[in-house]
Amino acid sequence: APAVHAVGLGKSYRRGQWALRNCGFAVPAGRVCGVVGPNGAGKSTLFGLMAHLFASSEGELRVFGEPAGTPALRARIGSVTQSRPLYPSFTVEETLRLGRELNPGWDEACAQRVIELGGLSPRARVGSLSGGQRSRVALALAMAKRPELLLLDEPMADLDPLARHDLMGLLLSDAAERGTTVMISSHLLAELDGAIDHVLLVQSGRVRLAGDLDEILDGH
Ligand code: ADP
Ligand code: ADP
């Protein structure tokens with residue numbers, strides 16, 4: 001089964017207004033898939049559906065062959081979403097400790113690598129961190145959970161270019177080593193250049209193109 005499979009998938013937050021409509025695509029397991037499109041296209045909505053932050057309004061969404069949102073899938077998915085649910089009064093250290101307690105497959109060395117890469121102080125309170133630092137903590141939590149599917153919604157958006165380069169390198173080598181399926185969004189295809197081998201182009205609530213990156217670029 002593909003890692004993610006959508007048929008006629010749609011999401012409406014308000015009656016008569018569709019953030020996503022009639023989306024169909026399949027992401028093969030073990031690939032690094034870019035989700036690319038302009039702001040407001042529906043990328044975060046798609047990530048919200050895959051992470052089951054909310055339910056779809058129509059259509060079908062399957063993750064590893066199971067309907068999105070089953071309890072068993074929670075352990076197999078790690079996500080960095082735009083809502084970034086971290087406790088502001090917790091320190092970085094306390095946040096990681098919670099992750100360790102909640103996740104049986106927790107990899108502490110992985111968490112430490114992500115935190116140390118940006119020189120984040122373990123004693124800093126999450127509420128005092130910048131947006132980029134907070135997303136680094138969220139990324140550490142999501143990666144250290146050792147999921148089979150990693151959902152990353154603009155995880156590098158607030159990072160400086162060097163930190164972004166280092167983190168992408170770590171993320172990709174780690175995913176390749178473990179065969180993790182990765183879905184990562186950006187409003188710039190160039191930002192994901194060299195990192196992805198599969199792509200979904202999202203525009204005005206539709207998945208316009210989905211497939212192998214080389215094949216899509218050759219067809220242009
Ligand atoms: P992207 O991540 O590509 O910027 P979004 O998925 O955030 O796109 O947004 C897609 C559309 O859905 C936009 O028109 C946006 O205003 C709308 N939208 C997103 N989140 C909500 C929400 N919680 N309530 C109502 N409308 C929303
Ligand atoms: P999940 O429900 O599978 O843990 P979420 O989308 O709820 O995924 O959370 C995104 C990531 O942040 C996950 O990897 C999760 O472990 C972590 N996380 C979720 N909630 C919190 C929290 N309140 N404090 C710290 N980490 C959290």
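Predicted model: local features only at pLDDT ≥ 70, side-chain atom pairs only at ≥ 80, totals over all residues.
A polar contact here is a pair of N or O atoms within 3.5 Å; within protein, one must be able to donate a hydrogen and the other to accept it, and residues adjacent in sequence count only if both atoms are side-chain atoms. Residues are numbered from 1 along each chain as written, chains are lettered from A and ligands numbered from 1 in written order, and side-chain values use heavy atoms, without hydrogens and water.

Now, the ligand. Which side chains hold an N or O atom 2.5 Å, 2.7 Å or 2.6 Å from an oxygen atom of ligand 2? Arg74 does at 2.5 Å. Ser79 does at 2.7 Å. Lys145 does at 2.6 Å. On its own, ligand 2 has 520 Å² of accessible area, and the protein covers 82% of that (Shrake-Rupley method, 1.4 Å probe). Its surroundings include Tyr87, Leu98 and Ala142 (a heavy atom within 4 Å).

Next, the rings. There are 2 aromatic pairs (centres within 6.5 Å; planes under 30 degrees apart are stacked, over 60 edge-to-face, the rest tilted). Tyr13 and Phe54 are edge-to-face, 5.7 Å centre to centre, with 70° between the planes. Tyr87 and Phe90 are tilted, at 5.1 Å and 45°. Phe90 is partly exposed, at 28%.

Terms used:
Phe/Tyr/Trp six-rings, centres within 6.5 Å; stacked < 30°, edge-to-face > 60°. Buried < 20%, exposed > 50% of the residue type's maximum accessible area, 1.4 Å probe, protein only.
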